[in-house]
Amino acid sequence: MDIQDAIKNILNNAHLLTLATVDSKGPWCSVLAFIADDDFNIYWMSIPDSRHQLALKEDNRASINITTAQKPGDENKLIQVFGTVEEYTGNALELNDKYKQKKNDLLYAPRHAVQGFMEKWYKFTPEYIDVTFEPEWAFEKRRYVVNQKA
């Protein structure tokens, strides 16, 4: 399996990511549900005044960790990604449809709509992706450069 196929496998089979940001109070991690496109861009819905989104307004650089492991004994299939985040300004309905399809027609976090929060979509554009794919490469970490800035 090549590195791009390993990345696609992880993005298609995982449902949650951990987003790491930094603000004036220090480092912060958030767990978010996500979808991804064929170019390895990652999308999530979030409340604009959440701590992680406010931090990203100050500095749009972030890192993401995604794993398919759910319990002890699961094979290690994970990516660690560095890139930048921006508010998504494209067709939100397409992302909603893709998200509902990944979640078997359940839209994530309906509690926000009930509570009156207005979530927005955000896009993470990766610069590089470090991949650990135990079934193929044991614990060797491989790097895929998406954007030549890396």
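Modeller: Let us begin with Thr68, which is found in the loop between β5 and β6, and bear in mind throughout that this is a predicted model.

Biologist: Is Thr68 buried or exposed?

Modeller: The test is the relative accessible area, and a residue counts as buried when that value is under 20%. Thr68 has a relative accessible area of 16%, and is therefore buried.

Biologist: Which residues is Thr68 in contact with, leaving aside its neighbours within four places in sequence?

Modeller: Thr68 is in contact with Ile10, Asn13, Ala14, Asp74, Glu75 and Lys77. Of these, Ile10 is itself one of the buried residues of α1.

Biologist: Then let us turn to that helix; which residues in α1 are buried, and where do they fall when seen down the axis?

Modeller: An α-helix has 3.6 residues a turn, so residues three or four places apart point the same way. In α1 the buried residues are Ile3, Ala6, Ile7, Ile10 and Leu11. Seen down the axis of α1, these buried residues fall within an arc of 130 degrees, so they line one face of the helix.

Biologist: Which residues of the largest nonpolar core touch the most other members?

Modeller: That core has 27 residues, and Ile42, Trp44, Ile66 and Val131 are the ones that touch the most other members. At least two residues of this core come from each of α1 (3–13), β1 (16–23), β4 (42–46), β5 (61–67), β6 (77–87) and β7 (120–133). Ile66, not counting residues up to four places away in sequence, touches a set that includes Ile10, Leu11, Phe34, Ile42 and Ile79. Another core, of seven residues, lies apart from the largest one, and among its members are Tyr43, Met45, Tyr99 and Trp121.

Biologist: How do β1 and β2 pair, and how many residues join them?

Modeller: β1 and strand β2 (residues 26–33) pair in the antiparallel sense over eight bridges, and a hairpin joins β1 to β2 through two residues.

Note on methods:
Residues are numbered from 1 along each chain as its sequence is written. This is a predicted model: local features need pLDDT of at least 70, side-chain atom pairs count only at pLDDT 80 or more; totals for chains, interfaces and linings use all residues. Side-chain values use heavy atoms; hydrogens and water are left out. A nonpolar core is a set of buried Ala, Val, Leu, Ile, Met, Phe, Trp, Tyr and Cys residues joined through side-chain atoms within 4.5 Å. Buried means under 20% relative accessible area, exposed over 50%, partly exposed in between (1.4 Å probe, protein chains only). Helices (H or I, at least four residues) and strands (E, at least two) are DSSP runs, numbered from the N terminus. Contact means heavy atoms within 4.5 Å. The arc is that of the directions from the helix axis to the C-beta atoms. Two strands pair if DSSP finds at least two bridges between them.
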